[in-house]
Amino acid sequence: MKKLIPIITVFAAVFISINARAQNSDTTKYILQNDVEVAKEEPGTHNGGGKTIGFNFFSEAKSLKTAFRKRILKSGSSIGYHLQKEDEIYYVISGNGTMQMNGKTFAVKPGDAILTRPGSSHGIAPNAGNDLTILIVYEKK
């Protein structure tokens, strides 16, 4: 019995190792994307104009109900003022800017998270001379 325990231990270790490698290479369980794979120069959305770089992560993922995007708003661009139809979160990664929300204007900076609710109107723009990088998350309809 004492000789059998080391054999079982070795077998278990090999089985776990093979199983772990199989899980790590199974892309049906996860998708890894990098900025360079999805970056696309675009005008500011919602008629915002100017130059932006959009990053639409996981756009090809089947049955994903969440949009996860990053956008770099170049100086002079914006996401135009528009009516919100679903909950949407903006998170400021870098730069400084101004957000309009329901007719009011306020400053945004790195670390700010803004939840916009259905029925509200908003837009966002970088301050002059700097880029504003934001994450945007919302439920796809």
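Me: A polar contact is a pair of N or O atoms within 3.5 Å; within protein, one atom must be able to donate a hydrogen and the other to accept it, and residues adjacent in sequence count only if both atoms are side-chain atoms. In this predicted model, which residue has its backbone nitrogen reached by the side chain of Glu37?

Reply: The structure is a predicted model, and Glu37 is found in its helix H2, residues 35-38. The limit for a polar contact is 3.5 Å. The side chain of Glu37 comes to 2.7 Å from the backbone nitrogen of Asn34.

Me: Is Glu37 buried or exposed?

Reply: A residue counts as exposed when its relative accessible area is over 50%. Glu37 has a relative accessibility of 53%, and therefore it counts as exposed.

Me: What distance separates the C-alpha atoms of Glu37 and Phe55?

Reply: Glu37 belongs to helix H2. Along the chain, Glu37 and Phe55 are 18 residues apart. Their C-alpha atoms are separated by 8.6 Å.

Me: How many helices and strands does the chain have?

Reply: Read along the sequence, the pattern of the chain is α-α-β-β-β-β-β-β-β-β-β-β. The elements in the chain are 2 helices and 10 strands.

Me: Which strands are the edge strands of the open sheet?

Reply: The open sheet has 6 strands in the order E1-E2-E3-E10-E5-E8, and the pairing is antiparallel. Strands of a sheet pair through backbone hydrogen bonds. An edge strand here pairs on one side only, and this describes strand E1 (39-43) and strand E8 (113-116).

Me: Which residue in E3 stands opposite Ile53?

Reply: Strand E2 covers residues 51-57, and it pairs with E3 in the antiparallel sense over 6 bridges. The residue of E3 opposite Ile53 is Ile72.

Me: Which residue in E10 is the bridge partner of Tyr91?

Reply: E5 and E10 are joined by antiparallel pairing over 6 bridges. Within E10, the bridge partner of Tyr91 is Leu135.

Me: Is Thr133 buried or exposed?

Reply: Thr133 is found in strand E10. Leaving out residues up to four places away in sequence, it touches Lys70, Arg71, Ile72, Tyr91, Val92, Ile93 and Ser94. A residue is buried when its relative accessible area is under 20%. The value for Thr133 is 9%, so Thr133 is buried.

Me: Which residue in E8 stands opposite Tyr90?

Reply: E5 and E8 run antiparallel and are joined by 4 bridges. Leaving aside neighbours within four places in sequence, Tyr90 has contacts that include Ile79, Met99, Ile124 and Ile134. E8 has a covered face, formed by Ile114 and Thr116, and an uncovered face, formed by Ala113 and Leu115. The residue of E8 that stands opposite Tyr90 is Ile114.

Me: Near what value is the phi of Ser63?

Reply: Most residues other than glycine have a negative phi. Ser63 lies in the loop between E2 and E3, and its relative accessibility of 70% is why it counts as exposed. Its phi is positive, although the residue is not glycine, with a value near 65°.

Me: Near what value is the phi of Asn102?

Reply: Asn102 is placed in the loop between E6 and strand E7 (104-108). Its relative accessible area is 46%, so Asn102 counts as partly exposed. Asn102 is another residue with a positive phi that is not glycine, and the value is near 50°.

Me: What share of the residues of the chain counts as buried?

Reply: The accessible surface of the chain comes to about 9,400 Å², and 58% of it belongs to carbon and sulfur atoms. The chain has 141 residues, and the buried share is 30%.

Notes:
Residues are numbered from 1 along each chain as its sequence is written. This is a predicted model: local features need pLDDT of at least 70, side-chain atom pairs count only at pLDDT 80 or more; totals for chains, interfaces and linings use all residues. Side-chain values use heavy atoms; hydrogens and water are left out. Buried means under 20% relative accessible area, exposed over 50%, partly exposed in between (1.4 Å probe, protein chains only). Accessible areas come from the Shrake-Rupley method with a 1.4 Å probe; for residues, only the protein chains shown count as cover. Contact means heavy atoms within 4.5 Å. Two strands pair if DSSP finds at least two bridges between them.
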